[in-house]
Amino acid sequence: MKIVTANRLSDGRVIYAGVDNQPVEGIDQASVLDEAAAEIVLAEVAGRPDVFVNPYLVEVQDHTPSGRDRLKERIRSAGPTVGHSLDPSMWRENA
């Protein structure tokens, strides 16, 4: 089974194709599709570059990435990993 993911043009956030191919932010809201349906949805969202940037398919099992790129997709679905690096209170002084 597969889901369609991309980045949103307006802010770069990770999005997924949900019900009626509408963009959703949570991987748990993504439509889980068989191979044939996934290719159709991918083509449909690729035709909407004003919303979906570089859409592609991801293998999933129960809304959890399961294919070759599963680590990358789990990180993407959890959001940015740089949050603490932007918080000055988290910086350590170099002595």
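The following conversation concerns a predicted model of a protein.

Biologist: How much of the protein counts as buried?

Modeller: Of its 95 residues, 34% count as buried. The protein exposes about 6500 Å², and carbon and sulfur atoms supply 52% of that area.

Biologist: And the contacts, what share joins residues at least 24 apart?

Modeller: The share is 56%, taken among contacts between residues at least 6 apart in sequence.

Biologist: What does Val4 touch?

Modeller: Leaving out residues up to four places away in sequence, Val4 touches Ile15, Tyr16, Ala17, Leu33, Ala38, Val41, Leu42, Val45, Pro55, Tyr56 and Leu57.

Biologist: Now Thr5. Where does it sit?

Modeller: Thr5 is in strand S1, which covers residues 2–8.

Biologist: Is Thr5 buried or exposed?

Modeller: Thr5 counts as buried because its relative accessible area is 0%, and the cut-off for buried is under 20%.

Biologist: Which backbone oxygen lies 3.0 Å from a polar atom of its side chain, that of Thr5?

Modeller: The backbone oxygen of Ile15 lies at that distance from the Thr5 side chain. Beyond its neighbours within four places in sequence, Thr5 is in contact with Val14, Ile15, Tyr16, Asn54, Pro55, Tyr56, Val58, Glu73 and Arg76.

Biologist: Changing topic: how many salt bridges are there?

Modeller: The count comes to 6 salt bridges. Arg8, Asp11 and Glu25 are linked in a network of them.

Biologist: How far apart are the closest N and O atoms of Arg8 and Asp11?

Modeller: They are 3.0 Å apart. For the salt bridge between Glu25 and Arg8, the closest N and O atoms are 2.7 Å apart.

Biologist: Which parts does the pair of Glu25 and Arg8 tie together?

Modeller: Glu25 lies in the loop between strand S3 (23–24) and H1, whereas Arg8 lies in strand S1, so the pair ties together parts that are 17 residues apart in sequence.

Biologist: Why does Arg8 count as buried?

Modeller: Arg8 counts as buried because its relative accessibility is 19%, and buried means under 20%.

Biologist: And how exposed are Asp11 and Glu25?

Modeller: Asp11 is partly exposed, with a relative accessible area of 44%. Glu25 is also partly exposed, at 45%.

Biologist: One last pair. At what N to O distance do Arg76 and Glu73 meet?

Modeller: Their side chains meet in a salt bridge at 3.1 Å, N to O. Both Arg76 and Glu73 are buried.

Biologist: Where in helix H2 does that leave Arg76 and Glu73, relative to one another?

Modeller: Arg76 and Glu73 are separated by about one helical turn, because they are 3 residues apart in helix H2 (residues 70–78). Both residues are also among the contacts of Thr5.

How values were computed: Residues numbered from 1 in each chain as written. Predicted model: local features only at pLDDT ≥ 70, side-chain atom pairs only at ≥ 80, totals over all residues. Heavy atoms only, no water. Buried < 20%, exposed > 50% of the residue type's maximum accessible area, 1.4 Å probe, protein only. Contact = heavy atoms within 4.5 Å. Areas by Shrake-Rupley, 256 points an atom, 1.4 Å probe, with all protein chains shown as cover. Helix = DSSP H or I, 4+ residues; strand = E, 2+ residues; numbered from the N terminus. Polar contact = N/O pair within 3.5 Å; in protein donor to acceptor, adjacent residues only side chain to side chain. Salt bridge = Lys/Arg side-chain N within 4 Å of Asp/Glu carboxyl O.
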